[in-house]
Amino acid sequence: MSKEIKIADLVDKVQSYYPAADVELIRKAYDFSAKVHQGQKRLSGEPYLIHPMAVANVIADLKLDVPSVIGGLLHDTVEDTLTTLEELKSIFGREIASLVDGVTKLSRTNFSSREEKQAENFRKMLLAMGKDVRVILIKLADRVHNMRTLDHLPLEKQILTAQETLDIYAPMAHRLGVAWIKTELEDLALKYLHPEIYYQLKRNVSKKRNDREKYIAEVISVIKRKLEAEGIEADITGRPKHFFSIYQKMESQNLLYDQIFDLVAFRILVDTVRECYETLGVIHSQWRPVPGRFKDYIALPKPNMYQSLHTSVIGPYGERIEIQIRTHEMHRVAEEGIAAHWRYKDGANFQVNDNQRFAWLRQLLEWQQNLQDPQEFLHSLKDDLFTTELYVFTPNGDLLNFPKGSTVIDFAYRIHSDIGHHCSGARVNGQLVALKYLLRSGDTVEIITTPQQVPSRDWLKLVKTPRAKSKIRDWLKSQQRERSVALGREILDSDLHRYGLDYPTLLKEGHVGSLTKELGLKDEEALLAALGYGRITPRHVLAKLVPPEKLDGSHKKKEGSLERLFRLVSGQKQGLGIRVKGVDDVLVRFALCCHPLPGEQIVGFITRGRGVTVHTVGCPTVLESDPHRKIEVSWEEKSGQTPRAVKIEVTCIDQPGLLAAISSAITSAEANIARAQVRTFSGQKALNTFDVMIKNSKHLQQVLQNVSKVKGVYKAVRGRGRTGAEIRDPAGRNDFSDAR
């Protein structure tokens, strides 16, 4: 159960950092929230008021202003009660109403899918954040308390919320520089996404607590003595790394817990920047530094304003330790991030200092306007939120930052869209390089362009930044649309000719305009494009233009090529359990890249000559494809009874008997193993890949849960790509080919 926070405690906390706070307004907001939420309960059974109080308390921990604290108290009133924004505006003023509106989800709007609703909620949040950063700080406080009380939600909701937290909110907290929120959200997400790993790490860390505390005390004593000899006063602390960072290291380096040595991090706080570098010298003279592990974030701050010196050294007893050195002011910024840059002014609103440091937010706002597809928007948002690590110079000496893995194409699109479109190469530090060259910190880059160079689909595999991906996709879509319009015109001309009709004449007489309106299309170009994409059939169009008796009488001997395809494959979707919106007889296949299962959200992708390929929503293949070729599909009510092969990857300890235990766990969930493969690694670690016959998404979840409970298993996840047990149709053709 949550610890109940009293209004007096909240007021005392706010007054501790802002003595002039309008406490009467806070109490008024508390009374209002208590009144409108009266009778409402959380899933835990607690009064709902506990949640807004907890959110306001987290906001006070961030030392934000009174409107932000009140925004926390009122953040759910518009969404979950009969309160309106106009009512809040009249009682608490425009500023507070605007903050509440920014964090209110679009729950009263109808969306066709969960992804569309989620994407639009994030889009609204980004736009509100662009106007006032306090919106996202309130939202982060809300997410912190929701994650702290996630136990009371159903398992499926726990996993969805934890994944969303790890994908969006924790990286957002990092971008805003609020370190403690980022850390807490990551650890809580790990707890629900990989509980077996979380609790194993918790046991391991707890087991060695006494030895670790002795070691920390010894290292602090040595550092303190050495610094005092140099006349440097410092605050020194040591702590174990948080669980998620240990998990990341185990994953990225394929290590067991006992193989990770730098599990302890030390922080040294001094008064001045000069003392930071002097302290670094003292540390390196005492212990041997680990090559390649020194980073100077004081000279080159991170985009989120973070400044510190990082080094790893071989400490006492040969243990590797990580040390961070920064000033007290840098530490305040590191912990509070953008919240540390708010300043109180009597009678004035908060202002953000160093606004240029948040250029990434302006970039987010720029490209989100161009991404209308919900899945593509969410995918790009996740990509853009992760840490930017590279610092690259323009020929004029301007410093730009990029994510790791960025190429010169990313650099070109950062300068200008046209430069990106016609980028043919680059000079890096004076040397000619290819388009696939990976940028490195300190590079000076000059882009070479030629008018003949244009983007290709292969570029999407080379670029890392959402801006570059968005611009390339836009260009490819425009080219695809032009080709589809031309193809649609060719198809329609051919079929009209067979009935003695002429497209220019129909256009002139207004028949085409009437037809586009009847079909719900924007204009005649949209009609031709839909024909070219295969979204509508020529026969569908002809039925509106040719008398039924004439159309039916000549159909057998003069059917069009696309109708012929649909007729030939008519009925082949029988047994697959898929319904395609607006089309009755069309070939349907499942994509091998994502293996959709009944119960999962799906989308269709039209492939000319091969019907509709069904993918899971969010599959990277579809994200990189033209959205005009997507079509709505759904599972039929009785689908999910015929098992299909799904790849499952199990990471575990390499020890005798474990493979048999995993196999037993799979079969205990009433699933058959069609194929198994085992790969071992150094450090007693193994990766087992199984092709398992699965009925639906719930069946898959049960199998993964059973395997995760096996002692010695680190994680069990669904794999991607082809299985070794592909299903074929009775004619022997592989009906599960990729969309491409």
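Reader: Let's start with arginine 134: buried or exposed?
Author: Arginine 134 counts as buried, because its relative accessibility is 3%. One thing to keep in mind throughout is that this is a predicted model.
Reader: OK, so what does arginine 134 form a salt bridge with?
Author: Its partner is aspartate 65, and the closest N and O atoms of the two are 2.6 Å apart. Aspartate 65 sits in the loop between α3 and α4, while arginine 134 belongs to helix α9 (residues 134-148), so the pair ties together parts that are 69 residues apart in sequence.
Reader: And aspartate 65, is that buried or exposed?
Author: Buried, because its relative accessible area is 5%, and the cut-off for buried is under 20%.
Reader: How many salt bridges does the structure hold?
Author: There are 15 salt bridges in the structure. One of them pairs glutamate 322 with lysine 241, with the closest N and O atoms 3.2 Å apart. That pair links distant parts of the chain, since glutamate 322 is in strand β6 (residues 320-327) and lysine 241 is in the loop between β1 (235-240) and α14 (243-253), 81 residues apart. Both glutamate 322 and lysine 241 are buried.
Reader: You mentioned β13 and β14. What's the strand order in their sheet?
Author: The order is β13-β15-β14-β16, in an open sheet of 4 strands with mixed pairing. β13 (588-590) and β16 (630-631) stand at the edges with a single partner strand each, so one side of each is left without a neighbour in the sheet.
Reader: How many bridges join β14 to β16?
Author: 2 bridges join them, and β14 (residues 602-606) and β16 run antiparallel. Phenylalanine 605 stands opposite lysine 630 in β16.
Reader: Switching topic: which residues touch the most others in the largest nonpolar core?
Author: Leu10, Ile26 and Leu74 do, in a core of 74 residues. Helix α9 supplies the largest share of this core, 8 residues. Not counting residues up to four places away in sequence, leucine 74 touches Ala29, Phe32, Ser33, Leu88, Phe92, Ile96 and Val100.
Reader: Which residues of α2 are buried?
Author: Those are Val23, Ile26, Ala29, Phe32 and Ser33. They pack against α1 (7-17), α3 (50-61), α4 (66-74), α5 (77-80) and α6 (85-92). Helix α2 (residues 23-36) has 14 residues and reaches 20 Å from its first C-alpha to its last, close to the 20 Å expected.
Reader: Last one: where is threonine 279, and what does it touch?
Author: Threonine 279 is in helix α15 (residues 273-286). It counts as buried because its relative accessibility is 0%. Leaving out residues up to four places away in sequence, threonine 279 touches Leu227, Ile232, Ile268, Val270 and Ile325.

Technical notes: Residues are numbered from 1 along each chain as its sequence is written. This is a predicted model: local features need pLDDT of at least 70, side-chain atom pairs count only at pLDDT 80 or more; totals for chains, interfaces and linings use all residues. Side-chain values use heavy atoms; hydrogens and water are left out. Buried means under 20% relative accessible area, exposed over 50%, partly exposed in between (1.4 Å probe, protein chains only). Contact means heavy atoms within 4.5 Å. Two strands pair if DSSP finds at least two bridges between them. The expected span of a helix is 1.5 Å times one less than its number of residues. A salt bridge is a side-chain nitrogen of Lys or Arg within 4 Å of a carboxyl oxygen of Asp or Glu. A nonpolar core is a set of buried Ala, Val, Leu, Ile, Met, Phe, Trp, Tyr and Cys residues joined through side-chain atoms within 4.5 Å.
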